Amino acid sequence: MNILPLFIGIPFGVAFFIPMVSRKVKWVPDVLGNITTFTLLLLSLMTLNQEFVYHIGGWKAPIGIVFVLDGLSCLLLIIINLIGFMATLFSIDYIEKRYTSKLRYYSLFLLMIGGMNGTVLSGDLFNLFVFMEIASIASYALVGFGCEARELEASFKYLVMGNVASLFVLYGVALLYGKTGSLNIADVARIIREIPYDNLIGFASVLLIGGYMVKAALVPFHAWLPDAHPSAPAPISAMLSGVVIKALGIYVITRLIFNLFGFNSITSNLLIYIGIISMISGVCLAILQSDFKRLLAYHSISQMGYVVVGLGLGNGLGILGGIFHLFNHSLFKSLLFLDSGAIEYETGTRDLNKMGLLYKKMPVTSFSTLIGSLSISGIPPLNGFWSKLIIILAAIKAGRPIVALWAVIGSILTLSSFTKVCRYALYGKGEKFDEEKFKNYKEVGNLMIVPLIVLSILCIFTGLLLIGGENGILGPVVDVINGGVLQYINKVLEI
Amino acid sequence: MIYYLCFVIFLIGLYGVCCKKNIVKIILGLWIMEYSVNLFLILLGYRKNGIAPILREGDNIVEFAQKAVDPLPQAMVLTSIVIGLGVLALMVTVAIRLYQRYGTFDITEMRKLKG
Amino acid sequence: MNEEKGMSLIVKTVTRWLKGFIFLFGAYIVIYGHLSPGGGFPGGVVFAATFILITLAFGREYALRKMGKILASELDSLGAILFLLIALLGIYYGGTFFLNFIEKRYPTVNFKLFSAGTIPLCQISIGIKVGASLFMVFIILAVIRVVFENGKGKLITTEKKDKK
Amino acid sequence: MEIIIGILLVFMIIGSIISLETKDLLSAIIAIVPVGYFCGIIFLLLGAPDIAITQMVVEVLSLIILIRATIRRDLTTIEEERDFFGLVTTFAFIFVFFIFSMEALKHLPSFGTPSFTLNNNAPSNRYLLNGLKETGAANIVSAIILDYRGYDTLGEATILFTAILGALAILRIYARKRSKNE
């Protein structure tokens with residue numbers, strides 16, 4: 001028996017089930033939600049180093065829909081379910097205290113996870129669109145979960161931009177279908193290689209990649225992100241920043257560029273320019289912010305820029321760096337968002353100016369914030385350092401020292417902005433520091449601390465994943481991307 | 001020619017989303033774009049003098065397969081209509097909630113978020 | 001008091017006559033979806049439309065007594081779970097997700113209700129799901145009102161909590 | 001056939017422009033309904049009765065939902081000022097987009113010859129030829145949505161569920177609990 005359908009079946013089934021049973025019994029959503037995400041985490045670890053194509057309903061590739069499990073999907077599955085488990089663990093206390101209607105929260109959360117699992121496993125263009133929509137609709141609702149004016153406004157902005165992006169994607173899928181008569185990614189790729197290139201395919205690729213770039217919040221399309229991420233509840237911010245923009249955005253863009261349209265110098269330059277612009281403008285805007293979560297949100301844009309630059313460099317080292325940075329970013333960014341949630345839970349504010357001296361009262365939270373900050377700024381020996389180092393080395397190796405220079409500048413600016421966080425919130429005092437409230441602060445509960453500790457430990461030790469370089473643990477992932485279109489076609493269509 | 005007209009509807013919807021200041025108008029713009037995409041998919045599948053892809057008793061299947069229109073876009077459109085309806089319901093509820101918070105549908109008056 | 005709610009007597013009488021037929025039409029569309037145009041989704045919308053018609057004609061309270069929000073929500077979940085279950089049963093019977101595991105008996109039995117394996121069952125579950133969920137959309141939009149007090153908007157529900 | 005569809009499409013364009021430009025919100029919403037019905041008629045003409053039925057019933061429901069969006073009658077008329085610069089940028093963007101699409105749509109197979117007739121390996125051929133034998137459903141569209149691509153329909157049902165759940169979550173009357181320090 002194959003475990004792949006369970007990645008969709010379990011979260012959806014539990015999400016359908018929760019509203020039925022838990023109107024009266026209060027603890028059901030908590031328990032079911034955590035058990036589900038934990039099971040999914042174990043299942044996703046079981047997919048390591050496996051590679052196969054699963055035919056849904058027994059229909060072969062172009063006829064039916066297929067699940068494609070390869071190195072890249074496997075990595076994304078682990079990221080989704082790991083961060084998902086951490087976020088649900090954190091939610092138990094956090095949502096209980098701050099929000100009502102826990103059952104809808106967990107149900108939407110599981111639908112979001114199921115949608116993303118479906119997205120990363122799918123091998124079909126239209127199916128990719130459908131599951132992207134599930135995950136995005138759940139995240140629209142979760143961003144507005146608090147129902148305050150700001151949150152609703154952010155949710156509406158996200159809804160409109162996300163929906164326009166989805167329609168662009170659907171139009172692109174329609175154009176490709178009209179040209180090729182098929183929906184399977186590998187089959188479409190095969191047909192595109194056989195017919196002469198024309199403007200239709202270019203236009204369709206622009207629509208598709210543009211649409212998914214909105215979901216990834218790369219710079220020309222980033223307007224929704226700085227509003228949506230701070231407005232959501234903290235575990236959802238961690239999910240949005242750590243997982244959603246990667247699974248719905250970067251992953252799909254990577255898949256489309258490297259496995260469907262084919263990588264060439266034009267896409268390479270495009271990715272590098274977009275990446276550099278995202279990297280620099282994101283971090284410049286972040287320095288100006290005094291809202292902790294908003295600052296982190298701008299850093300998400302900036303760090304996604306690194307990933308895209310790494311992928312755009314196109315050589316094995318760059319891809320390795322990009323993918324590794326993707327993984328690292330999901331760890332430290334969700335750690336930082338959960339930290340900000342813990343601080344907000346205790347102090348009731350997100351304004352850095354009002355915080356101060358937290359290391360005395362909340363030692364674990366401040367220590368994990370420190371780890372996350374050092375990691376995102378690229379201080380050795382934390383994981384962020386290694387991935388940024390590889391990207392910079394790859395840029396030099398590819399003969400683009402300017403790119404490497406920009407990456408270094410971005411890293412320095414990141415460090416300076418996180419110095420501000422540490423100075424105001426953790427080890428110094430903000431300008432509007434309130435002595436009276438400070439006396440009441442204490443460390444958050446154990447259930448909220450566990451995910452912080454786990455993620456910090458992972459941040460310290462994931463540098464080890466790099467052992468072996470391009471042929472090491474991340475080897476299969478690099479292989480999928482580097483193998484390009486032909487390898488993907490052969491694997492899925494089994495020619 | 002027909003494809004262009006269909007694309008014009010898409011662009012009208014896009015114009016509505018980008019330029020209008022009223023939330024209801026933005027929702028209408030998205031709904032128009034939805035129509036256009038659905039229509040485009042069905043137009044792609046049309047075959048000259050085609051018949052609906054539904055077999056009746058006594059039909060010859062080979063003959064039927066040479067006359068019927070493309071069923072796959074229809075399946076896609078069915079899904080996409082449902083997606084549109086779901087998103088519409090969600091958007092309308094957000095709009096009602098926003099109206100309750102601000103007392104207006106005008107997005108220029110809702111600027112609690114910086115930048 | 002409930003008798004005074006809703007529309008005029010003519011509308012009520014016509015609705016009383018028609019609601020069964022509309023419901024039946026919905027059921028026909030759902031069940032024969034694999035033989036004629038239609039299917040789970042349009043049929044489900046017709047189910048929802050029946051209840052919406054009742055709501056409009058007889059007023060909110062009457063309709064909510066027939067089909068409450070909680071019942072609608074549970075039917076919604078139930079339909080979805082049934083569909084997922086049919087999909088997962090495919091794994092149990094044949095090892096594949098979404099396998100059409102019921103025997104089709106082609107070509108001896110064709111153009112009959114039970115000649116398409118799991119398809120009619122899926123149609124029925126989707127019909128239940130769609131009908132319940134769309135009715136629920138209507139209900140939540142119908143019972144919620146926005147009122148303004150001292151310049152601040154408040155969201156109130158007009159649904160009666162103490163139903164007998 | 002092309003001429004009829006062309007005329008209907010022109011009507012749709014007019015209807016959508018009216019609905020976007022009119023000052024009264026209620027008329028705007030009512031103006032969108034004919035657009036949907038024309039869309040349904042085109043579906044019927046193009047041999048898609050399933051979609052036509054769905055489009056018609058969804059149109060009714062979306063009208064109900066949209067009318068609920070204009071909550072109070074006294075607030076339906078709107079005044080807008082135009083941001084001239086924004087308008088010009090948008091039009092420029094839309095124009096560029098249109099030029100590119102003109103260039104691209106030229107390469108599609110002409111109207112009336114869908115791509116699956118040009119490509120013998122396309123899945124649609126298989127659906128039409130073997131649909132009845134392999135699934136037992138005479139309605140090939142049903143065969144596709146519930147058997148060949150049933151997984152998509154699971155996604156569709158889930159989307160509806162998600163959207164309703166999200167709507168319920170957003171319309172909660174009390175959404176937040178106050179914490180001690182606020």
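This is a short tour of a predicted model, chain by chain, with something to select at each stop.

**Stop 1: chain A, coloured by confidence.** Chain A has a mean pLDDT of 87, and 99% of its residues reach 70 or more. Select residues 435-438 of chain A. This is helix α18, where confidence in the chain is lowest, at a mean of 74. Now select residues 125-143 of chain A. Here, in helix α5, confidence is highest, at 92.

**Stop 2: helix α17 of chain A.** Select residues 401-426 of chain A. Which residues of α17(A) are buried? Show Val403(A), Trp406(A), Ala407(A), Gly410(A), Ser411(A), Thr414(A), Ser417(A), Phe418(A), Val421(A), Tyr424(A), Ala425(A) and Leu426(A). As you look along the helix, recall that an α-helix has 3.6 residues a turn, so residues three or four places apart point the same way. Next, show what covers these buried residues. The cover includes α11 (265-288), α12 (292-313), α14 (358-361), α15 (363-377) and α16 (383-397) of chain A.

**Stop 3: a helix pair in chain B.** Select α2 (23-44) and α4 (71-102) of chain B. Their axes come within 10 Å and cross at roughly 180 degrees. That is over 145 degrees, which makes α2(B) roughly antiparallel to α4(B). Show side chains at the contact. From α2(B), pick residues including Ile27(B), Trp31(B) and Glu34(B). From α4(B), the residues include Met76(B), Ser80(B), Gly84(B) and Leu88(B). By class, this contact has 17 nonpolar, four polar and one charged residues.

**Stop 4: where chain B touches chain D.** The contact takes 71 residues from chain B and 77 from chain D. On the chain B side, α1 (2-19), α2 (23-44), α3 (61-67) and α4 (71-102) each supply at least two residues. Which helix gives the most? α4(B) does, with 23 residues. The chain B side divides into 54 nonpolar, 10 polar and seven charged residues.

**Stop 5: a helix pair in chain D.** Select residues 25-45 and 49-69 of chain D. These are α2(D) and α3(D), packed at about 170 degrees with their axes 8 Å apart. That angle makes α2(D) roughly antiparallel to α3(D). Among the contact residues, show Tyr37(D), Cys39(D) and Phe43(D) of α2(D), then Gln55(D), Met56(D) and Glu59(D) of α3(D). The contact has 13 nonpolar, three polar and one charged residues.

Terms used
Residues are numbered from 1 along each chain as its sequence is written. Chains are lettered from A and ligands numbered from 1 in the order in which they are written. This is a predicted model: local features need pLDDT of at least 70, side-chain atom pairs count only at pLDDT 80 or more; totals for chains, interfaces and linings use all residues. Two residues are in contact if their C-beta atoms, placed from the backbone, lie within 7 Å. Helices (H or I, at least four residues) and strands (E, at least two) are DSSP runs, numbered from the N terminus. Ala, Val, Leu, Ile, Met, Phe, Trp, Tyr, Cys and Pro count as nonpolar, Asp, Glu, Lys and Arg as charged, and the others, Gly among them, as polar. pLDDT is the predictor's confidence in each residue, from 0 to 100. Axes are lines fitted to C-alpha atoms, for helices over the stretch in contact, and angles run from 0 to 180 degrees between N-to-C directions. Angles under 35 degrees count as roughly parallel, over 145 as roughly antiparallel, 65 to 115 as roughly perpendicular and the rest as oblique. A residue is buried if 20 or more other C-beta atoms lie within 10 Å of its own, exposed if 12 or fewer, and partly exposed in between; C-beta atoms are placed from the backbone.
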